[in-house]
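Below is a short briefing on the strand pairing and packing of one structure. Look at the sequence and the 3D view before reading on.

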Amino acid sequence: MLTKVNVKWKEDAVSHFMTELIDYAGLFPPAALSLTEAIKNYHSYIHGPNSWMLGPFVLPASRLGELEPFREQFNDQYPLRLSVILNNSGKFEPELMTLQHFWETYKNAGCIEAIEVPLPSQVDLACLEELDKQIAGYRIFCEITGTNEQLLAKLDLIQKINKISSRSFGIKYRMGGITSNMFPSAKQAAFVIHETKQRGLALKFTAGLHHPIRQYRKEVETFMHGFVNVFTASIMAYCRSVNKATIQAILLDENSTNFSFTTDTLSWRNLTVSSSEINHARNFFAASYGSCSFDEPREELGELAIFYGEGVR
């Protein structure tokens, strides 16, 4: 992870939990900002005191060419960091050209930290090998969807490509959207977290994680997963090898008092991990999540009475 900028939180459990946790996806619903508005926000965030919680700017590859007018807003100290989403057609040549154009335009004022690829319903090892060949030098996260059987097949394929690739492919999983049917059940999400960890794959999330703790929201007429629930469950899966039932219980928990941070620990009920374990899990398993809001998640987190000792100041 990058060195924190303008840190106001101590080197403790909550700090490791939140470092570069939120990839900014302001272009996407429900915010659906214009590129000008979203870039303005990102520029503001990287210069603000909470910049260390911020990950890359999430952008479809098809829009990379629109970034040229914003080049002068960024530099080598405050670069435009990107996570770029490719289409799912399997034909990446035109989009790879836009990646090259971005590098030529921004040089050291920008970087592409990851590539996100929605996997088609029918995918085999040959497809992933071609993807690995075409997109050299970038970390890749493959978005997976489908039934449990389909999810397992895709996870197994990604595990296989990692055995022959020079870099590790990770998983991207969608936790919500603008309608209720876009939210996976806690059981489904627990299944993905558990099976991804079992295969030694990195995992990032996207959508629906605006709030720290699971709660019912009228705007989508369903329960929204909490990012504290999701990352606590993922960290416990990685560090404590908890089973799917326990992961699901953490995801379903609506009581914020069952979660607690001290200076050196994160706990859920009787399960505890240390600050160093959180850091390890975040680096190797529970990567980050995409959100169209950077302010809402961290502001709501700060309002919770779950911090003890010298966790936050």
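**Strand pairing and packing**

Ile115 stands opposite Ile140 in β5. This is a predicted model, in which local features need pLDDT of at least 70, side-chain atom pairs count only at pLDDT 80 or more, and totals for chains, interfaces and linings use all residues. Residues are numbered from 1 along each chain as its sequence is written, and side-chain values use heavy atoms, with hydrogens and water left out.

**The barrel**
- Eight strands form a closed barrel with parallel pairing, in the order β1-β2-β3-β4-β5-β6-β7-β13.
- Neighbouring strands of this sheet are turned by 30° against each other on average, direction ignored (axes are lines fitted to C-alpha atoms, for helices over the stretch in contact, and angles run from 0 to 180 degrees between N-to-C directions).
- Helix α7 (residues 227-240) packs on the sheet and touches β7 and β13 (contact means heavy atoms within 4.5 Å); the direction of α7 makes about 160° with that of β13.
- Helices (H or I, at least four residues) and strands (E, at least two) are DSSP runs, numbered from the N terminus.

**Pairs in the sheet**
- Strands β4 (residues 110-118) and β5 (residues 139-143) pair in the parallel sense over five bridges; two strands pair if DSSP finds at least two bridges between them.
- Strand β1 (residues 22-24) runs parallel to β13, joined by three bridges, and Ile22 has Tyr289 of β13 as its bridge partner.
- Strand β7 (residues 203-206) is also parallel to β13, with three bridges; Leu203 is partnered by Ala286 in β13.

**Burial of β13**
- Strand β13 (residues 286-291) is largely enclosed by the rest of the structure, because six of its six residues are buried (under 20% relative accessible area, with a 1.4 Å probe and protein chains only).

Terms used
Buried means under 20% relative accessible area, exposed over 50%, partly exposed in between (1.4 Å probe, protein chains only).
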